[in-house]
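Biologist: Hi! Could you walk me through this one?
Modeller: Happy to, here it comes.

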Amino acid sequence: MTLQEIIDRLNLTVLTEKKDFTAITPSGVYASDLLSCVMAGAHRRGLWITLQSHVNIVAVAALLDLSAVIITEGSTPEPDVIQKANREEVTLLLTPAPTYTVAGKLWELGLREG
Amino acid sequence: MKTYTAELHVHTVVSPCAAVEMIPPLIVDEALSRGINLIAITDHNTTANVAAVQEAARETGLAVLPGMELQTKEEIHLLCLFDTLEQAEAWQAHVDIHLPDLPNNIDYFGEQFVVDATGDFIRREPRLLITSANLSLENAVAGVHRLGGLAIPAHVNRKAFSLFANLGFLPPDVPVDGLEISRHITPDEARRQFPQLQHYPLIQSGDVHFLHEFLGANRFTIARPTIAELKLALQGQAGRRLEIRPAEKTT
């Protein structure tokens, strides 16, 4: 499953600069809003679902080389967060859906923990 | 220069999680009985009982700084400390705009009593105080500083409502005045466990929800109990300093 398919199927808004998302296949999925847990538990090159939109999500995503961060509940990041994500080449995706719904849809698409 | 034994994180009965004994005269008596002569009143998202505690402490030798324990939108607890009631009330007005208008559920969260200096009931605070204001950590720190206050993330070593748990680390460009550790850890242990602490001044607090939780672990050497003096002590400047050690119980 490519990131482009995930973006299309879940109708996600791409907040950061476009990349060739058809070339990215996330390694797994992790969901948490505690960044300390994410740093310990998320998969390298995986997807991360969270409603945190603080600038530290960019640092965590860069640290783990995540495929993308899916920000839920329409929790729109500040412009400086998006700028930093672009500098770090981190992809931020936004949805009005809650974390549970996003996780459920990804599971239905066949993505498992990793 | 004078030594102040300080407890900078004290709740009153307006915090739904605080014990009913946390009324102004008992707070003042308990602090003084432990040799504590400087406290800050820091209820969740409110300054409603600050003036009552200040009045109860008048001419007792206990200095009472107005404050608040703000919950940011990242669910981080931030101590906001001020010199004057006017500054604290200006901060309250700003926080009020960003607090959701949810009613308190007394059965789940507890009573939120606003009281007078003797501890007598004035009113119930109807809004739920144990919730996040829609203010980011960065915005909150900047807002407190604009009003001349101190901003100190609370109990950073804990698992809940903590800077390190929720955000992983403190972004280096957020100018907090210090970091607070809880009673559950020593400063040395905390610095080992969280290497980032080495770059910031530390205070230790009892996060006092019950009278027996006063620690008085902070010994400030300062000229007077003001925000400017505390700031100098946190930075170890101009002969001001802060030492953390447990208070001796005098009763």
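Biologist: How many residues of strand 3 of chain B are buried?
Modeller: 9 of the 9, residues 63-71, so strand 3 of chain B is largely enclosed by the rest of the structure. Buried means under 20% relative accessible area, with a 1.4 Å probe and protein chains only. Strands (E, at least two residues) and helices (H or I, at least four) are DSSP runs, numbered from the N terminus. This is a predicted model: local features need pLDDT of at least 70, side-chain atom pairs count only at pLDDT 80 or more, and totals for chains, interfaces and linings use all residues. Residues are numbered from 1 along each chain as its sequence is written, chains are lettered from A and ligands numbered from 1 in the order in which they are written, and side-chain values use heavy atoms, leaving out hydrogens and water.

Biologist: Which residues of strand 3 of chain B point which way?
Modeller: Ala63(B), Leu65(B), Gly67(B), Glu69(B) and Gln71(B) point one way, and Val64(B), Pro66(B), Met68(B) and Leu70(B) the other way. Why? In a regular strand, side chains alternate between the two faces of the sheet.

Biologist: And what does strand 3 of chain B pair with?
Modeller: Strand 2 (residues 38-44) of chain B runs parallel to strand 3, joined by 7 bridges, and Ile41(B) stands opposite Pro66(B). Strand 4 (residues 77-81) of chain B is antiparallel to strand 3, with 5 bridges, and there Gly67(B) faces Leu81(B) as its opposite residue. Pairing takes at least two DSSP bridges between the strands.

Biologist: Switching to chain A, what's its secondary structure?
Modeller: Chain A has 5 helices and 5 strands, in the order α-β-β-α-β-α-β-α-β-α.

Methods: Buried < 20%, exposed > 50% of the residue type's maximum accessible area, 1.4 Å probe, protein only.
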